[in-house]
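I am opening a notebook on this structure. The entries follow the order in which I looked things up.

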Amino acid sequence: MHLRVPRPRSLAGQLFAMQAVLIAVVVVGYALFTYISDRGQAEDAAGRQARAVSLAIADSPSVVAAIGTADPTARLQPYAVRVMRDTDVDFVTIMDPYGIRWTHPDPAQIGHPFQGHIERAQRGETFTETYTGTLGPSVRAVTPVLDGDRVVGLVSAGIKVEEISKRAQEQLTALSGVAAGALLLGAVGTYVINARLRRHTHGMNADELSRMHDYHQAALHAVREGLLMLDGQYRVALINDGGRELLGVSGDVVGASVADLGLPAQLTGALLASEPRVDEVHLAAERVLVVNTSPVSGGERRGTVVTLRDVTELQSLTGELDSERGFTQALRSQAHEAANRLHTVVSLIELGRAEEAVEFATAELELAQALTDQVVAAVGEPVLAALLLGKTAQANERGVELVVARESRLDDGLLPPSLPARDLVTILGNLVDNAVDAAQGAVPSRVTVAAYTEGAADGPELVMRVSDTGAGVDPAHADLVFQRGFSTKPAGEGGRGLGLALVRQAVRRHGGTLTVTEAEGGGALFEARLPLGDAGSGTATPATLAGRPGPGGSV
């Protein structure tokens with residue numbers, strides 16, 4: 001048999017119980033206080049009423065006159081009964097100065113001594129007291145009857161404590177009704193408030209809410225992805241550590257508008273969009289981000305949840321993969337051409353023209369080797385050399401001639417570790433791709449690449465220039481071409497306008513500059529300058545840093 005442990009009461013239920021008990025305690029306490037206070041007030045009122053009645057009787061001339069007769073009872077007893085009825089007191093007793101009754105509500109008690117204190121009245125003083133007499137406990141007043149300065153009699157008027165309790169009980173009954181109504185109204189209001197609270201807390205108790213908050217905080221700081229929550233006015237309601245890092249914001253930004261975070265315009269537009277965004281690629285200051293937005297709604301717009309993923313490294317790897325894929329395609333094309341040439345050589349041999357076959361094969365081999373030697377001699381850095389060989393083959397397939405300028409000279413080992421080859425592939429690869437796109441179809445169709453180092457006031461710099469013979473760049477668009485989404489070409493698969501934006505991002509990341517001007521003879525000339533700082537393990541000689549001429553030519 002398993003014992004079922006009761007689930008802790010929800011937070012809303014606990015608050016309801018606490019509020020109901022609090023209201024009940026307040027109402028009952030107030031009722032008890034009011035009852036005690038009213039009872040005391042009722043006793044005081046009864047004492048004042050009894051005192052007023054006794055004083056009125058003592059001051060009555062008819063009473064003084066009746067006391068002077070041979071039988072005071074005959075005249076005073078009917079008078080006392082009338083006063084009792086008219087003033088709503090329980091008894092009126094008129095007695096001689098020694099306390100022997102002349103009147104009493106019970107005629108059998110006439111002639112007997114008064115039960116109570118009369119000493120102060122015998123001295124001419126009026127007083128009140130609570131005393132238990134023949135009629136039970138009562139609040140009474142005792143007053144002397146004066147004839148000049150002489151006390152000729154005493155008057156006592158009183159109200160039984162039982163009657164006082166009845167009056168207080170009537171007030172308590174009315175008060176209890178009011179208290180019950182207040183308790184009921186408070187309970188209904190508390191239930192309504194807590195029902196709403198129960199909906200907002202999903203019926204969870206305080207421990208569950210506290211545990212969820214702890215998990216929430218731990219999860220926010222643990223995930224590497226960026227999380228940003230915006231309220232209905234597009235203000236930052238929550239941002240985790242990953243979001244701060246990816247967006248490049250610091251300080252207390254909670255409560256700030258998205259438009260005031262200083263983000264790129266297109267990224268800000270994506271965050272401010274009312275419709276959901278799915279896997280959109282945007283550039284921040286130094287990162288490539290995949291942005292997803294989802295509105296939070298519950299009958300009305302409550303805000304937006306934004307997730308951010310850093311794909312900067314993935315984008316760089318994709319660029320390298322594209323270069324490798326292009327190089328592979330170039331090798332496949334060259335293999336196809338080599339097969340054609342081999343068939344040509346075989347056919348010449350079969351035709352008995354061996355000398356012509358040898359001459360043809362030797363010329364093709366020397367040409368291919370010469371082209372490779374030219375690229376490697378000009379650019380000794382292996383990754384860039386492989387990139388240029390691949391881009392050369394790609395450009396050739398598209399009818400574009402790729403030329404390595406004579407001033408190119410980039411020895412192997414010259415670049416410092418702070419300038420990874422991956423970023424160089426991103427910069428030079430995208431510039432060449434953009435130039436080939438621009439030069440395709442032009443006459444002549446040529447792209448010229450130059451890569452060398454030169455001295456500068458702040459130290460040595462790596463200079464990469466790519467020019468084309470295309471239509472060039474409108475000076476009005478000189479800065480717009482580096483923004484994500486800008487392109488003069490029709491949109492293709494995956495969109496356009498990301499390559500040059502990635503180039504500028506990589507250049508800025510290394511503290512360099514990127515410009516575009518008009519090339520000689522038309523077309524566009526893109527120039528990227530990257531500071532080398534301490535060249536690390538490189539062996540940059542003064543001649544190299546000055547951009548000494550090297551072999552070059554059409555490849």
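**Entry 1: a helix pair**

I looked up helix α12 (residues 421-439) and helix α13 (residues 499-509), whose axes come within 9 Å and cross at roughly 145 degrees. Axes are lines fitted to C-alpha atoms, for helices over the stretch in contact, and angles run from 0 to 180 degrees between N-to-C directions. Helices (H or I, at least four residues) and strands (E, at least two) are DSSP runs numbered from the N terminus. I noted that this is a predicted model, in which local features need pLDDT of at least 70 and side-chain atom pairs count only at pLDDT 80 or more, while totals for chains, interfaces and linings use all residues. Residues are numbered from 1 along each chain as its sequence is written, and side-chain values use heavy atoms, with hydrogens and water left out.

Which residues make the contact? On α12 I listed D423, T426, I427, N430, L431 and N434, and on α13 G499, L500, L502, V503, A506, V507 and R509. Contact means heavy atoms within 4.5 Å.

**Entry 2: the cores**

I then turned to the largest nonpolar core, which has 34 residues; I427 and L428 touch the most other members. A nonpolar core is a set of buried Ala, Val, Leu, Ile, Met, Phe, Trp, Tyr and Cys residues joined through side-chain atoms within 4.5 Å. Buried means under 20% relative accessible area, exposed over 50%, and partly exposed in between (1.4 Å probe, protein chains only). Helix α12 gives the largest share of this core, eight residues. Setting aside neighbours within four places in sequence, I found L428 in contact with L384, L387, L388, V449, M464 and V466. A second, separate core has 21 residues, including A66, Y79, V92 and A157.

**Entry 3: a sheet and a hairpin**

I traced an open sheet of four strands in the order β1-β4-β3-β2, with antiparallel pairing. Two strands pair if DSSP finds at least two bridges between them. Because β1 (91-95) and β2 (127-133) stand at the edges with a single partner strand each, one side of each is left without a neighbour in the sheet. The twist from one strand to the next averages 30 degrees. Seven bridges join β2 to β3 (residues 136-147), and T132 has P137 as its bridge partner in β3.

Elsewhere, three bridges join the antiparallel strands β5 (residues 226-231) and β6 (residues 236-239). L228 stands opposite I239 in β6. Four residues lie between the strands of this hairpin, where Y234 takes a positive phi near 60 degrees.

**Entry 4: one asparagine**

Is N292 buried or exposed? N292, in strand β8 (residues 288-297), is buried, with a relative accessible area of 15%.
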